[in-house]
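Morning, everyone. I have one structure to go through today, so let me put it on the screen and start with how the chains meet.

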Amino acid sequence: MTERSDPDAALMLRVREGDFDAFEQLVEKYKQPVMNLVYRTLPDATEAEDLAQHVFLQVFKSAARYEVSAKFSTWLFTIARNLCLNEIRRRSRHPADSLDATFPDSEDQPMRQVEDAKAVPAPDSVMRSELEDKIEEALSELPEKQRTAILLCRGEEHSYEEIATILGCSVSATKSLIHRGRETLKQLLKPYLRTGEWKEK
Amino acid sequence: MNETEYRELMEASWRRPLTAAEEARLQAWLAVHPEAQALWESELSLNHLLEQLPDVPVASNFTARVVQAAQREAAQPAARSFLQLVRQWLLPRRATGVAWAALAVCVTWFAVHQAESNTKARRASELVVISRTAVLSDPVVVEDFDAIQRLPYAEDEELFAVLNK
């Protein structure tokens, strides 16, 4: 893997030299997929965003030690997953603490500006929203590794080898995790699979 | 196409839509393996469901906030170097502390080892005395020892005198 074959790695090398424009490009490109993964691991929008922000800060702090040995996105999602797991562990030890206790500097920042897309739901979007909730609910019931494998597998961003690296297991184990996760999802979403309700939406 | 290729196509469909050529090969396989049709349809249905998962809303100023935080992080070299100094000051002292603790453990171990050796040596010498006692002459020899011990010294001299005659 070289910076030529991975343009993000080239950007990261610029970040290492202190280039904030390169860092901004990386954040802009990956904020959505990182947020999708973090939110579905820690289902709390505010805390997920704080953690997603911390993921990128961690990337920035680690820039000095960054070496182009793997695809940048693999490295990024490994950091994201590790921080999520740390947060899950911390919550199990101190359930009452908020994420601000972990990342106190996040309090000094400007308020979030989230577009409230669901403020006035159109009637035809209600059923879609209900279906989305069911899918989210079914995903949340999966073990963390199966869920992460399925989420990373969605879309063409990561190869199975990269997902295996992020999860810290072999490619065959990764495929097995995805297969088992999908079987569970099929059971949980059986009524929706059978009726094909999603197709009309 | 064989079973392995069919599985590979299924795994490919988890990540992306199949190409027209792949789709054609798959349909040809399903035509001769109708038992696999139901499984394939359920896989396809789940793919469609998962595609519908919406993106999680992200704050419009997310990038700006992250970059600001990174700039703050970069602008704190003085504070960081102070922390590094503290660490540099603490680490050697921590190492010295560890060395002292290791020395204390060694001295304690040596003292305990020596005390145990001494105890063993003392017990061994006591055993030698006991073993020697075992080869003493018959106890009958010292049967009247106490009575003889109590005899006044003068009487002894008288007895010696008688005996010497």
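What you see is a predicted model. Start with the contact between the chains: 42 residues of chain A are in contact with 31 residues of chain B. On the chain A side, the elements giving two or more residues are α2 (20-41), α3 (45-61), α5 (123-140), α8 (171-188), α9 (190-195) and α10 (197-200). Which of them gives the most? That is α2(A), with ten residues. By type, the chain A side that touches chain B divides into 20 nonpolar, seven polar and 15 charged residues.

Now chain B itself. Of its 165 residues, 8% count as buried.

Helix α3(B) covers residues 37-51, and at 1.5 Å a residue its 15 residues should span 21 Å; the end C-alpha atoms are 21 Å apart, so expectation and model agree. Which residues of α3(B) are buried? Ser45(B), Leu46(B), Leu49(B) and Leu50(B). They cover an arc of only 135° around the axis, and therefore sit on the same side of α3(B).

Next, the nonpolar cores. The largest has 47 residues, and those with the most contacts inside it are Val34(A), Val38(A) and Ala80(A). Elements giving two or more residues to this core are α1 (7-16), α2, α3, α4 (72-93), α6 (144-153), α7 (160-167) and α8 of chain A, together with α4 (62-74) of chain B. Its largest share, nine residues, comes from α2(A). Recall that α2(A) also gives the most to the chain A side that touches chain B. The core draws at least three residues from each of domain 1 (1-114) and domain 2 (122-201) of chain A.

The last two bring us back to α3(B), where Leu49(B) and Leu50(B) are among the buried residues.

That is what I have; questions are welcome.

Technical notes. Residues numbered from 1 in each chain as written. Chains lettered and ligands numbered in written order. Predicted model: local features only at pLDDT ≥ 70, side-chain atom pairs only at ≥ 80, totals over all residues. Contact = placed C-beta atoms within 7 Å. Helix = DSSP H or I, 4+ residues; strand = E, 2+ residues; numbered from the N terminus. Nonpolar A, V, L, I, M, F, W, Y, C, P; charged D, E, K, R; others polar. Buried ≥ 20, exposed ≤ 12 C-beta atoms within 10 Å, placed from the backbone. Expected span 1.5 Å × (residues − 1). Arc of directions from axis to C-beta. Core = buried A, V, L, I, M, F, W, Y, C linked by C-beta atoms within 7 Å. Domains from an automatic or database assignment.
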